[in-house]
Amino acid sequence: MYDDEDLAEIREAREEWEEESLSPTLDRFGERKEEFTTDTGGQTVDRLYTPEDVADTDYDEDLGFPGENPYTRGVYPTMYRGRLWTMRQYAGFGNPDETNERFHYLLDQGQTGLSMAFDLPTQMGYDSDAAMAAGEVGKSGVAIDTLADMETVFGGIPLDEVSTSMTINAPASVLLAMYIAVGDKQGVDREELRGTIQNDILKEYIARNTYIFPPEPSMRIITDIFEFCAEETPKFNTISISGYHIREAGSTAAQEVAFTLGDGIEYVETALDAGLDVDEFAPQLSFFFNAHNNIFEEVAKFRAARRMWTQIMEERFDAENPKSKQLKFHTQTAGSTLTAQQIDNNIVRVAYQALAAVLGGTQSLHTNGKDEALSIPTEDSVRTALRTQQILAHESGAADTIDPLAGSYYVESLTDEIEAEAQDLLDDVAEKGGMREAVENQWVQRQIQDTAFERQQEVESGDRVIVGVNEFEVDEESEVDIEEVTEEDERRKIRGLEDVKADRDDEAVEAALAALEDAATTDENLLPYIVDAVKAYATVGEICNTLRDVYGEYEPGAAL
């Protein structure tokens, strides 16, 4: 981007500055610490960046223009000047009626998309009355047992007017089927349904552990979803390939990019092996990233991920449809950075993280409530989190121009560094036989665990300052109102499930489950059978148990 003569002049001027201005100041005052690094990645942050640091950048190949290859500067030509990112506040309470109430509240407050949190039993494919569910019903999100619960959650919410993101993985096919069934009952054309299911099972084996089936049948179900949705719900994103939980588990920014894209490669290859056409399903792939505290590192991470995915889809998979090459992503601010101490500080953390996501070009955003280190957020805290996005959109100016940090010597250099480190990790994954093999051998998990251990040591030693935790502490914490799920809430949910079972047609349920079991032993697409089962009011647990009987359950330590 600069000719040799310009670079020589800049180099000479820098040397003069170092000798005449910098050196005397360093001799007299020094600097705050010996080495500066990025927040989690450990990349060295130099004292000063100049055009020399981006001398090898080719504008057309490395940056380009928004909405064009390599999409470094964004996936749309106008970005937020045309339409703001979707504002999704993650919400889900123990009982569906409370979740419906919260959804209506958020929409009334200006939220532009819904994001649905499920409780742990639902995530694991258990009903609220299962022994394994005791004490966990509704604790981390809404408990969904049958289509009746989903109908309650979306009561009064027309599905042709909102998009919904569902954070669900192992039973994603079941919850997607329920969403489709609600749309059918509302009279909404399936082609008009918009939203995303997370549906990222590889990440579960790596970081979260809410899996049910072994990897092979899990991947089969995922490709069934790809195929079904390409035909039936073309506006619905069939997967949200998630780096978020990888980062929450302790990874660096570069590891988050590498392992997320590595999972994406695995899903594309599995779909191709199943006979699907890349340009038929790839436009419905989406991604989910974390936003941490270091603004510049996060912006560089997002820009590098977009550029890398474009190259992967072009060079590895011969994708031709531009939409197949566009890395579109949702961002959530970093739950792992929230502290139980001085929780008002979390409002500030979330605001900076949200700014990083917007400067990095996210397509949708969830901002955490200040109290999420303690419980499901209260109405007040979720309103503040939403207002954070609205102030960012309408008052900060961050949405007024596209990729505003482009051309920063530091940001461009850091983008290149993160890309190079992530590519090295992807090369390591390839040498180990791909992501499934690397996960089977626990290699991916060890990389993340080692990083997390190092960061925790830094916190405990005081080398890494966490405001309010190991520095700037207070003697007394103010009292905090938190949302609580009670035993009576759990009993009420189980009574509701019993009522549905008493009113449904048991013969229809048995027939639907038997048909699903038969289909699971063949190569037929399972989604039509799952839709039939949920419309008969079969429960999440009954459907998952039917598939458990065919596929078994994944056991940690078993070969993938």
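Start by selecting Ile239 and Leu285. Leu285, in strand 7, is the bridge partner of Ile239. Strands here are DSSP runs of E with at least two residues, and helices are DSSP runs of H or I with at least four, all numbered from the N terminus. This is a predicted model, in which local features need pLDDT of at least 70 and side-chain atom pairs count only at pLDDT 80 or more, while totals for chains, interfaces and linings use all residues. Residues are numbered from 1 along each chain as its sequence is written, and side-chain values use heavy atoms, with hydrogens and water left out.

Four bridges join strand 6 (residues 239–242) to strand 7, and the two run parallel. Two strands count as paired if DSSP finds at least two bridges between them.

Now colour strand 6 by side. Ile239 and Ile241 are on one side, Ser240 and Ser242 on the other, and all are buried. Buried means under 20% relative accessible area, exposed means over 50%, and partly exposed lies in between (1.4 Å probe, protein chains only).

Select strand 7, residues 285–291. Seven of its seven residues are buried. Leu285, Phe287, Phe289 and Ala291 point one way. Ser286, Phe288 and Asn290 point the other way. In a regular strand the side chains alternate between the two faces of the sheet.

Step across to strand 8 (residues 329–333). Five bridges join strand 7 to strand 8, again running parallel. Select Phe288 to see one: its bridge partner in strand 8 is His330.

Nine strands form an open sheet in the order 5-4-3-2-1-9-8-7-6, with parallel pairing. Strand 5 (236–237) and strand 6 stand at the edges with a single partner strand each, so one side of each has no neighbour in the sheet.

**Two loops**

Which peptide bond is cis? Select Asn69 and Pro70: the bond from Asn69 to Pro70 is cis, with omega near 0°. Pro70 sits in the loop between helix 2 (59–63) and strand 1 (86–91).

Move to Tyr71, in the loop between helix 2 and strand 1. Tyr71 is not a glycine, yet its phi is positive, near 65°. Is Tyr71 buried or exposed? At 4% relative accessibility, Tyr71 is buried.

Jump to Asn199. The loop between strand 4 (194–197) and helix 7 (201–208) holds this residue. Asn199 also has a positive phi, about 55°, although it is not a glycine. Its relative accessible area is 3%, so Asn199 counts as buried.

Select helix 15, residues 379–394. Its 16 residues reach 22 Å from first C-alpha to last, close to the 22 Å expected at 1.5 Å a residue. That expected span is 1.5 Å times one less than the number of residues. Buried residues of helix 15 include Val382, Leu386, Gln389 and Leu392. Their cover includes strand 1, helix 3 (96–108), helix 14 (345–359) and strand 9 (364–366).

Next, find Glu412 in helix 16 (residues 409–431). Glu412 is buried, at 5% relative accessibility. What does Glu412 touch, not counting residues up to four places away in sequence? Val54, Leu63, Arg303, Ala406 and Gly407. Contact means heavy atoms within 4.5 Å.

**The core**

Select Met116, Met150, Phe154, Met166, Leu175 and Trp309. Among the 137 residues of the largest nonpolar core, these touch the most other members. A nonpolar core is a set of buried Ala, Val, Leu, Ile, Met, Phe, Trp, Tyr and Cys residues joined through side-chain atoms within 4.5 Å.

Centre on Met150. Leaving aside neighbours within four places in sequence, Met150 contacts Met116, Ile144, Met166, Leu175, Met178, Tyr179 and Val182.

**Zoom out**

Count 22 helices and nine strands. The radius of gyration is 24 Å, close to the 24 Å that the globule rule gives for 560 residues, so the protein is as compact as a globular protein of that length. That radius is taken over C-alpha atoms, and the rule is 2.2 Å times the number of residues to the power 0.38.

The C-alpha atoms fill a box of roughly 85 × 60 × 45 Å along the principal axes. Colour by burial to finish: 55% of the 560 residues are buried.
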